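Morning, everyone. Please have the structure open while I talk.

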Protein chains: 2
Amino acid sequence: MGRHYDQYCPIAQALSVVGERWSLLVVRELQHGPLRYSDLLERIPGCSTNMLATRLRDLEVAEVLERETLPPPAPATVYALTDAGLALGPVLRELAWWGARRMGPPPPGMTFGNGELARALRVAVPPDAVAETIEVRVDDDVARLEGGIVLDGAAEDPDAVLTMELADFYRLLVERDDAGVAVEGDPGALATFLAALPPAHGRIGPAPTAPTAPRA
Amino acid sequence: MGRHYDQYCPIAQALSVVGERWSLLVVRELQHGPLRYSDLLERIPGCSTNMLATRLRDLEVAEVLERETLPPPAPATVYALTDAGLALGPVLRELAWWGARRMGPPPPGMTFGNGELARALRVAVPPDAVAETIEVRVDDDVARLEGGIVLDGAAEDPDAVLTMELADFYRLLVERDDAGVAVEGDPGALATFLAALPPAHGRIGPAPTAPTAPRA
DNA sequence: CCGCATCCCCAAAGATACTG
DNA sequence: CAGTATCTTTGGGGATGCGG
């Protein structure tokens with residue numbers, strides 16, 4: 001199990017469970033659905049096999065996640081979040097928000113693709129914050145807010161479609177600057193989207209040393 | 001500086017700054033105002049002197065906090081959060097909330113005192129969530145919500161006074177169970193208070209091994 | 001005393017190889 | 001594929017020292 005802090009404090013309690021290196025990155029990945037061991041390994045670069053195995057065991061004991069063995073046809077074991085693990089969503093959201101405000105804009109060549117947009121949106125906008133159906137397009141990636149949640153892929157009959165490039169996406173989220181965002185359909189959708197985001201915004205901390213881009 | 005994760009991800013970015021052991025506990029303590037080195041040491045039990053010095057240096061480089069030297073009369077150096085450090089408030093709030101939902105009720109003998117109630121309320125209820133003036137009394141500790149923020153001590157002319165014991169305080173926050181809470185003044189104040197808390201509640205995770213109580 | 005710096009030890013982290 | 005075993009390296013933790 002994780003290191004303990006000798007304090008009767010909920011923050012110390014939380015950190016003793018998910019405060020160790022790699023733990024929250026594992027939870028981050030599983031936030032979008034169950035994954036296998038090898039999937040996790042390749043989605044968490046720099047994490048060694050024994051570290052992942054250790055963290056998975058600790059998090060399972062803490063009932064943050066659970067192992068599931070898929071039925072006989074393809075007998076694979078996957079890791080899925082429990083209710084306690086899913087409840088870390090708001091923590092990841094605030095942490096991502098704070099980190100994003102310290103990061104500079106994405107490096108010039110970088111683009112979204114392969115569901116990265118959906119994963120980014122899922123940690124950026126809280127569940128049930130947007131009632132309308134809004135399709136978002138960044139580079140070649142498409143996602144949608146529908147029924148209060150974020151889904152990968154295009155919408156059937158969206159109320160609005162927001163189209164932008166990755167750099168515009170960053171400025172929209174961090175700086176609340178909607179220049180560069182093209183809106184089709186309901187003109188109020190952009191305001192609705194912005195209202196769903198946390199109120200605090202703008203850069204904080206030192207000027208970025210290595211520019212990075214929003215993800216997962 | 002903190003360990004790095006080789007990822008262009010805001011969560012990884014945040015964790016590389018405040019993800020190491022003790023870091024967030026230092027930020028937690030400074031949330032309530034500047035403190036000296038020795039004050040921090042005694043408020044963070046288990047943290048060794050060199051660890052605290054190292055973390056303070058790292059967090060200063062990261063511009064999460066800054067050293068301030070008080071004027072000549074009493075030339076002491078204190079540590080204060082920067083804007084970036086204060087922006088960690090929501091992170092601490094969600095983390096505390098998640099930890100509190102995993103903790104059992106406070107052990108029988110435990111009581112609040114010496115401003116612990118104010119510190120607990122400050123991380124429990126977001127700023128500007130309550131417009132009224134509500135005085136809260138737990139055991140012998142008194143705090144108040146006034147002008148949207150939490151202050152230590154009794155209120156001048158409160159709209160309502162909520163009185164309870166520590167165990168009731170825990171059940172009110174975590175279980176949303178207002179039994180045991182005495183309300184004087186505006187009867188709607190309790191509902192106002194509850195509405196200011198995050199929506200998610202109820203226990204998560206394994207049954208508590210060592211019961212703990214909310215703090216700071 | 002306050003605010004660290006230094007030294008040493010050990011437990012975790014990290015890299016790699018290997019196995020059911 | 002899903003880990004375990006083994007080895008090396010690094011950082012956390014305790015004790016102590018030392019200047020202001």
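Let's start with a strand pair in chain B. Strand S8, residues 182-185, runs antiparallel to S7(B), and four bridges join the two. One pairing in there: Thr163(B) sits opposite Ala182(B) of S8(B). Keep in mind that this is a predicted model.

S7(B) has another partner. Strand S4 of chain B, residues 134-138, pairs with S7(B) in the parallel sense, over five bridges. Here Ile134(B) faces Ala160(B) of S7(B).

Is S7 of chain B buried or exposed? Four of its five residues, in the stretch 160-164, are buried, so the strand is largely enclosed by the rest of the structure.

Next, the DNA. How many residues surround DNA strand C? The count is 17, and the closest are Arg36(B), Tyr37(B), Ser38(B), Asn50(B) and Ala53(B). Three helices each supply at least two residues of that surface: H4 (49-61) of chain A, plus H3 (37-43) and H4 (49-61) of chain B. H4(A) gives the most, with four residues. By class, the surface near DNA strand C has nine polar, four charged and four nonpolar residues.

Last, the two copies. The same surface serves both copies, as 100% of the contact residues of chain B recur in chain A.

How values were computed
Residues numbered from 1 in each chain as written. Chains lettered and ligands numbered in written order. Predicted model: local features only at pLDDT ≥ 70, side-chain atom pairs only at ≥ 80, totals over all residues. Buried ≥ 20, exposed ≤ 12 C-beta atoms within 10 Å, placed from the backbone. Pairing = 2+ DSSP bridges. Near = placed C-beta within 6 Å. Nonpolar A, V, L, I, M, F, W, Y, C, P; charged D, E, K, R; others polar. Contact = placed C-beta atoms within 7 Å.
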